[in-house]
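Open the model in your viewer and keep the selection tool at hand. The tour goes from a helix pair to the domains and then to another helix pair.

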Amino acid sequence: MSDFKSGLEYALQQDQNDELKSYRNIFHIPKDTDGNELIYMTGNSLGLQPKQTKDYVNQELEDWANLGVEGHTEAKNPWLPYHEFLTQSMANVVGAKPIEVIVMNTLTANLHFMMVSFYQPTEKRFKILIESDAFPSDKYAVESQLRHHGFDDKEGLILWKPRKNEELLRYEDLETILKEQGGEIALIMIGGVNYYTGQYFDLKRITELGHKFGCKVGFDCAHGAGNVELNLHDSGADFAVWCTYKYLNSGPGSLAGCFVHERHAHNKTLNRFTGWWSHNKQTRFNMRDEFDQLSGAEGWQLSNPPILSMAAIRASLDLFNEVGIKKLTQKSKKLTSYFEFLINQLGEDVIRIITPKNPAERGCQLSIQVINADKSLHDKLTKAGVISDWREPDVIRCAPVPLYNSFEDVYHLVEKLKSILNE
Ligand SMILES: *Cc1c(COP(=O)(O)O)cnc(C)c1O
């Protein structure tokens with residue numbers, strides 16, 4: 001990927017040759033007050049709205065208006081089995097089998113529900129291992145699980161840390177922790193793609209390592225789903241969770257995804273929290289039956305789901321299905337490597353990319369440390385029409401998303417950054 005060229009001409013030419021270029025037009029791109037399109041680099045925080053989302057949501061609003069409760073069975077897309085319309089597409093996006101995937105609840109809620117089943121501490125084996133720079137919500141969630149089971153949340157939490165003066169995590173260090181304390185660790189819970197550094201972990205390697213030491217292994221793939229080829233089934237992980245409002249473009253606070261590996265699909269003895277939606281579908285509405293556990297990831301549902309949110313997810317997944325995650329990640333690798341090429345031209349004395357250099361160890365996001373910068377840099381970028389994300393003390397995160405960001409976007413972003421740094 002070293003044949004990139006600088007200059008606008010090259011960027012425009014890459015866009016011309018881009019097989020996926022037409023997809024940008026089917027998204028709403030936010031504009032400034034003068035009507036100019038902003039350079040939107042925060043699809044890792046909230047993905048943009050596909051234009052067709054409105055139609056998908058309107059369809060359900062209309063059916064509700066016209067049919068009332070009958071919509072459960074009579075709507076164009078009946079609400080009773082509505083979540084099933086999402087299953088195959090979502091399974092494709094995360095590399096899972098349909099029986100392993102369900103869309104339900106929100107992300108942190110799903111993480112808790114998964115820990116109800118897969119964090120089963122004993123007096124000897126009760127610790128939870130996470131990455132030291134885990135997303136705060138994940139850290140709070142695992143700490144509260146430790147307390148919930150009567151353990152000290154400091155003693156019970158083991159952090160996989162980067163070495164001194166490094167940001168990225170090394171597998172050798174994870175192995176060392178496991179060799180020393182593996183017998184005390186009940187659960188390994190790692191962000192599949194770290195939200196801060198953009199490091200995409202080898203899920204299979206971590207899972208195999210964890211299982212070798214008798215630990216359960218789960219991943220939070222909020223920054224992975226729709227961004228990288230996750231291959232969750234092949235990873236062998238016990239569970240995974242992710243949200244759909246980041247790379248999956250399904251709207252603020254939309255429902256989350258959940259993966260439970262096939263080997264647990266028919267295990268009815270696993271501890272879990274249940275509701276009527278975890279009950280056998282065939283007899284759910286008999287209402288007075290003894291509880292009959294539904295198989296597969298579906299069996300972790302509690303409630304009848306919010307159809308309006310699912311309609312937005314469906315609108316987005318239909319696009320992912322059309323393109324396919326393979327083509328998407330192909331473009332993504334090129335776009336992000338081009339971004340890296342331009343950033344590196346600014347010089348290492350000014351800027352340093354924290355995210356791994358190897359395209360197989362990252363998604364589209366680059367986390368860029370700007371030497372001697374403070375938040376005013378981010379404010380200037382925003383004023384210049386770039387929507388990016390600032391992390392204290394000195395890191396900008398930018399995520400060129402292959403579905404709607406262009407080479408031209410990336411070119412202008414770096415040009416604007418350059419001129420601000422030269423001020
Ligand atoms: C975005 C994100 C969250 C947010 O959690 P919600 O429950 O959706 O509010 C949690 N964890 C990770 C790793 C995230 O990237």
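How do α7 and α8 lie relative to each other: roughly parallel or roughly antiparallel? First, some ground rules. This is a predicted model: local features need pLDDT of at least 70, side-chain atom pairs count only at pLDDT 80 or more, and totals for chains, interfaces and linings use all residues. Residues are numbered from 1 along each chain as its sequence is written, and side-chain values use heavy atoms, without hydrogens and water.

**Stop: α7 and α8**

Select residues 171-181 for helix α7 and 203-212 for helix α8. Helices are DSSP runs (H or I, at least four residues), numbered from the N terminus. The two axes come within 10 Å and cross at roughly 15°. Axes are lines fitted to C-alpha atoms over the stretch in contact, with angles from 0 to 180 degrees between N-to-C directions. α7 and α8 are therefore roughly parallel (angles under 35 degrees; 65 to 115 is roughly perpendicular, over 145 roughly antiparallel, the rest oblique).

Now show Tyr-171, Leu-174, Glu-175 and Leu-178 of α7. They contact Arg-205, Ile-206, Leu-209 and Gly-210 of α8 (contact: heavy atoms within 4.5 Å).

**Stop: the domains**

Colour domain 1 (8-51 + 325-421) and domain 2 (81-322). These bounds come from an automatic or database domain assignment. Their C-alpha centres lie 28 Å apart.

**Stop: α12 and α13**

Select 375-383 for α12 and 407-421 for α13. They pack at about 130°, axes 10 Å apart, and are therefore oblique. Leu-377, Lys-380 and Leu-381 in α12 meet Leu-417, Ile-420 and Leu-421 in α13.

Conventions:
Helix = DSSP H or I, 4+ residues; strand = E, 2+ residues; numbered from the N terminus.
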